[in-house]
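Subject: Structure handover

Hello,

Here is the structure for your use. My notes on the ligand and its surroundings follow below it.

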Amino acid sequence: MKDMQRMLNDIEMEIHLTRHLIGKNSFDDRVMAAMKRVPRHEFLPGDLRYCAYDNGPAPIGSGQTISQPYIVALMSDLLNTRPSDIILEIGTGSGYQAAILSQLVQQIYSIEIIEDLATEARKRLNKLGYNNIEVRNDDGYSGWLEHAPYDGVIVTAAAPHIPQPLIDQLRAGARLVIPVGLPYSHQELMVVEKKTNGEAETRQVLGVAFVPLTGGHTPERTHKR
Ligand code: SAH
């Protein structure tokens, strides 16, 4: 498909432009293959499908957004996944990031705080045949203890600080990829690596703009109902 190829080219171009920040010139081939395989238009509201293959974020209802394709690819790449991995995602949204990861790992557990979005994402992922993703409607701040430890955790909403439960639920040697910063101000995409001695090593990757992590554990209650 022509539009899909344009999206992949735009991602490659942005990787090149940000190479000094992200410290690489290309992403894992498996990540790019997943980006090519997942039909992004299926994750957007009908009237926005025409821009599904633009390299930009888009509204998905309930005041939330599907992330920009380059950011989805970058975060997937930073997770350093292996096919046998069990991954936890906080912020299911449309389910697109989960669908990309479903191509790379064995199982994804994904938590979404807005009930309508969780229900829609669950339906959409089932319809499209992604059967290694489980969606739960809850506040993801405290993680999902039942399936821990995880081989990777990805947070797709900006948190004012790194939630300790998410580090606790990481396997030693695994990574947490998370945007950290205040709503609508400066946010940094961070990679937290849990060392074998349990300590967390944190690295900043680049400046990003995400919708805020809401719920009772973060002081900024910007979530409107
Ligand atoms: N990964 C999504 C992007 C979603 S935007 C996609 O591919 O479409 C971030 C999502 O995080 C929103 O849907 C928002 O409702 C959700 N969110 C915000 N705070 C949350 C929390 N505390 N727990 C779980 N989900 C949360």
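Strand E2 supplies the largest share of the shell around the ligand, namely three residues. This is a predicted model. E2, E3, H5 and E4 each contribute at least two residues to that shell. In total, 26 residues surround the ligand, and the closest are Ser-94, Glu-112, Asp-139, Gly-140 and Thr-214. Sorted by class, the shell has 11 nonpolar, 11 polar and four charged residues.

- Glu-112: a polar side-chain atom is 2.6 Å from an oxygen atom of the ligand.
- Gly-140: a polar backbone atom is 2.8 Å from a nitrogen atom of the ligand.
- Gln-97: a backbone N or O atom is 3.0 Å from an oxygen atom of the ligand.

The ligand taken alone exposes 580 Å², of which the protein buries 99%.

On the pocket: the ligand takes up the space of the largest pocket, which holds about 490 Å³. There are 34 lining residues, with Thr-65, Thr-156, Ala-157, Phe-210 and Val-211 nearest the centre of the pocket. Two or more lining residues come from each of strand E2 (64-66), helix H4 (69-78), strand E3 (86-90), helix H5 (96-102) and strand E4 (107-112). E2 gives the most to this lining, again with three residues. The lining of the largest pocket divides into 17 nonpolar, 13 polar and four charged residues.

Regards

Methods
Residues are numbered from 1 along each chain as its sequence is written. This is a predicted model: local features need pLDDT of at least 70, side-chain atom pairs count only at pLDDT 80 or more; totals for chains, interfaces and linings use all residues. Side-chain values use heavy atoms; hydrogens and water are left out. On a 1 Å grid over the protein atoms alone, a cavity is a set of points where a 1.4 Å probe fits but cannot get out, and a pocket is an open set with protein on both sides within 12 Å along at least five of seven lines; lining residues have an atom within 4 Å of a point. Grid points are joined across faces, edges and corners, and a volume is the space filled by probe spheres set on the points. Helices (H or I, at least four residues) and strands (E, at least two) are DSSP runs, numbered from the N terminus. Ala, Val, Leu, Ile, Met, Phe, Trp, Tyr, Cys and Pro count as nonpolar, Asp, Glu, Lys and Arg as charged, and the others, Gly among them, as polar. A residue is near a molecule or strand if one of its heavy atoms lies within 4 Å of it. A polar contact is a pair of N or O atoms within 3.5 Å; within protein, one must be able to donate a hydrogen and the other to accept it, and residues adjacent in sequence count only if both atoms are side-chain atoms. Accessible areas come from the Shrake-Rupley method with a 1.4 Å probe; for residues, only the protein chains shown count as cover. A molecule sits in a cavity or pocket if more than half of its atoms lie within 2 Å of its grid points.
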